[in-house]
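Subject: Structure handover

Hello,

Here is the structure we talked about. Please open it alongside this note; my findings follow below.

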Amino acid sequence: MLDQPQFGRRLKRLRTARGLSQADVVGDGMSTGHLSRLESGGRRPTERTVAYLARRLGVDASALTGPQDDGSLSGVLAAVVSAPSGTDSTAALDRAVEDDPGDDPAARWQALWLLSQAAGRDGDHRSERTRLLELLALSRSLDAPDLHTRSLVRYARCTRAIGDLDTAESAATEALALARTAHLCVPDTLAALLELISTETELGRWEAASQHVDELDRDLLPRASAVQAAEALWTAAVVSSRKGDDAAAMARLDQALSLLKDGREDLTAWARLRTAAAAAALQMSPPRVAAAEEWLTAAASVLDLTGTPAQLQELHALQAHLAFAQGRLEDAALLSRTVLSEEDLRLPYRDRVRLSVLDGRLAIHAGRVEEGVAALQQLARQATQSGYVGLAAHVWQVLATALAAGIHPSGAAPCHTCRGRSGGPRSVNGRGTRAGGADGLAESRGKP
């Protein structure tokens, strides 16, 4: 006979797996209160009770009392980490965490880490955030600086994907401070620094991001592995591009790609780097279309076969941007609408907004001017409220360019504030605007 609370957890698991309520199980031979106390571990089962419950559940009594794996967290964890590649054990692990009494905090931390990792890989950042909040609390109680730093880095990345930059910056800052104070290894410190750089870039704090890139180049990059160095170089390239130095950005991207020439070391990282490089190239001014096409084609050769739904959405969104840059407007419209109309849209906040901006531009090109302009105005306001400075600037400049080109939702000529002397977007301090740059933001302020 199993001691409590193991018997109660097994009983509840068998009942819920069959979709039965407590009332469904007890019938006329037992009260729901008695069953509830059995499931919670508050009452020990008798042999007569076990036989009755087994009949009601349609199982042999050994399913309740036998020596087989009882679904304990440590047992499920062992099965998960030893399972063949491609096995999805998320549901079993999720049930084990739910039933876990919390006797082994380290095992619970590992399970929550795996569940948050799976949610992030699937693009389910809301579920990922829920897991990470518990992970953070647990890592504090364990007093393990390395585990807490890793939890903070992942939490910062998750909240940035959701669009909460203030929380992301706070978590990344805390992670970097902890990594330095505890003298953690290079991978942990590097991960924290890269996340902080990415968040500062989204917030438009390019000088702070540049200073951290200098620290990266000086202290960490020489000691990083090839995969880590490639990610660091890509992050630095984004900072250079947002500041308007596309030549430096391209040099960084080329260097990063040379570190992962093929997928033998890490196929996932190889494909991810190429999609990231393509995204950066398409956001340059003017876009580096040929390079983006080459990198995106290479990434697609892998992701079309092995990509998760979230990765495929990212790939198709980038293919829409590439089609637009190449002048294939019908293809761009089809791709963008296909992704945006998916019921389970898993793109991170920034990618989702940029694809919606493209959809608005395509609406204007298709003659649906009022619809396109209204969509762009709404997106610009949302990005501004979320603190995405460079993203908001990009949206406002797209709108300003449309208006300056003579397109106006009312059909009238554009107002004089929307046009510069040459008929293009107004310049700021004698310089042209740049999508996602500081000048683009200055151009956007005060617009409706």
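Two aromatic pairs turn up. The rule takes rings of Phe, Tyr and Trp (its six-membered ring) and pairs them if their centres lie within 6.5 Å; planes under 30 degrees apart count as stacked, over 60 as edge-to-face and the rest as tilted. Trp-109 and Trp-113 have ring centres 5.2 Å apart and planes at 15°, so this pair is stacked. Both residues belong to helix 8 (residues 105-121). They are four residues apart, about one turn of the helix. Helices here are DSSP runs (H or I, at least four residues), numbered from the N terminus.

The cut-offs: buried is under 20% relative accessible area, exposed is over 50%, and partly exposed is in between (1.4 Å probe, protein chains only).

The tilted pair is Tyr-349 with Tyr-388: 4.9 Å centre to centre, 50° between the planes. Tyr-349 lies in helix 20 (residues 349-365). Tyr-388 lies in the loop between helix 21 (369-385) and helix 22 (389-404), so the pair ties together parts that are 39 residues apart in sequence. Tyr-349 is buried, with a relative accessible area of 9%. Tyr-388 is buried as well, at 1%.

Back to Trp-113. Arg-154 lies over its face, 3.6 Å from the ring centre. A charge sits over a ring if NZ of Lys or CZ of Arg is within 6 Å of the ring centre and within 35 degrees of the ring normal.

Now the backbone. The peptide bond from Ser-285 to Pro-286 is cis, with omega near -5°. Pro-286 sits in the loop between helix 16 (267-282) and helix 17 (289-306).

Which phi values are positive in a residue other than glycine? Asp-143 has phi near 55°. His-183 also has phi near 55°. Asp-143 is in the loop between helix 9 (125-142) and helix 10 (145-162). Its relative accessible area is 67%, so Asp-143 is exposed. His-183 is in the loop between helix 11 (165-181) and helix 12 (186-202). His-183 is exposed, at 71%.

Two notes on the basis. This is a predicted model: local features need pLDDT of at least 70, side-chain atom pairs count only at pLDDT 80 or more, and totals for chains, interfaces and linings use all residues. Residues are numbered from 1 along each chain as its sequence is written, and side-chain values use heavy atoms, with hydrogens and water left out.

Best wishes

Terms used: Helix = DSSP H or I, 4+ residues; strand = E, 2+ residues; numbered from the N terminus.
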